[in-house]
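Dear colleague,

I am passing on the structure we spoke about, and would be glad if you could look through it alongside the notes below.

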Amino acid sequence: MTNPFMARAIELSIENVQDGGGPFGAVIARGTEIIAEGKNRVTETKDPTAHAEIVAIRAACQKLGTFELKDCEIYSSCEPCPMCLSAIYWTRLARIYFASYASDASKAGFDDSLIYGEIARPYDKRQIPMIPMMREQALEAFRLWSLKPDKVSY
């Protein structure tokens, strides 16, 4: 079955490779309308967070003037990496459609298994150690937030 949104995401990924970028494309749609598109722009922008899904999410949020995309769906040419998956959950997209699997990306040199493994390890056993410090001082920001009557929850 061909889906026009997924076909566009795949087309974006192929175009991006032909233009010198990474093999990833994403489309955010609401109903029958494309809200935003994204191509992997990591090497172009020197921004390691500029994955196709993140680029599309940023564009969709700007276009719609919101940080939530509850009534939108994302179509990705590949199963989202841990960073993109987190962003998808933070924006509350209604559904994720993807074409190729993370294992396909891994075979092409884009392997996310290290990150998934690292998340499960204790802080001090990770390849990049995480060292907690100054927790008591940092908790003040959360205390102030919890007392703030006009906060915008997200």
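Predicted model: local features only at pLDDT ≥ 70, side-chain atom pairs only at ≥ 80, totals over all residues.

Residues are numbered from 1 along each chain as its sequence is written, and side-chain values use heavy atoms, with hydrogens and water left out.

The protein chain has seven helices and four strands, where helices (H or I, at least four residues) and strands (E, at least two) are DSSP runs numbered from the N terminus. Read from the N terminus, the elements run α-β-β-α-α-β-α-β-α-α-α, and the C-alpha trace spans about 50 × 40 × 30 Å along its principal axes.

The four strands form an open sheet in the order 2-1-3-4 with mixed pairing, two strands being paired if DSSP finds at least two bridges between them. Strand 2 (33–39) and strand 4 are the edge strands, each pairing on one side only. Strand 3 (residues 73–78) pairs with strand 4 (residues 95–100) in the parallel sense over five bridges; Y75 has Y97 as its bridge partner, and C78 stands opposite S100. Together with helix 4 (residues 82–91), these two strands make a right-handed β-α-β unit, which is to say that, with the strands pointing away from the viewer, the path from the first strand over the helix to the second runs clockwise.

As for the helices, helix 3 (residues 52–64) and helix 4 have axes that come within 9 Å and cross at roughly 25 degrees; axes here are lines fitted to C-alpha atoms, for helices over the stretch in contact, and angles run from 0 to 180 degrees between N-to-C directions. The two helices are therefore roughly parallel to each other, a term used for angles under 35 degrees. The contact (heavy atoms within 4.5 Å) is made by E53, I54, I57 and C61 of helix 3 and by M83, C84, A87, I88 and T91 of helix 4.

Helix 3 also lies across strand 1, strand 2 and strand 3, running at about 140 degrees to strand 2. Helix 1 (residues 4–18), in turn, lies across strand 1 (25–30), strand 2, strand 3 and strand 4, at about 150 degrees to strand 1.

Methods. Parallel < 35°, antiparallel > 145°, perpendicular 65-115°, else oblique.
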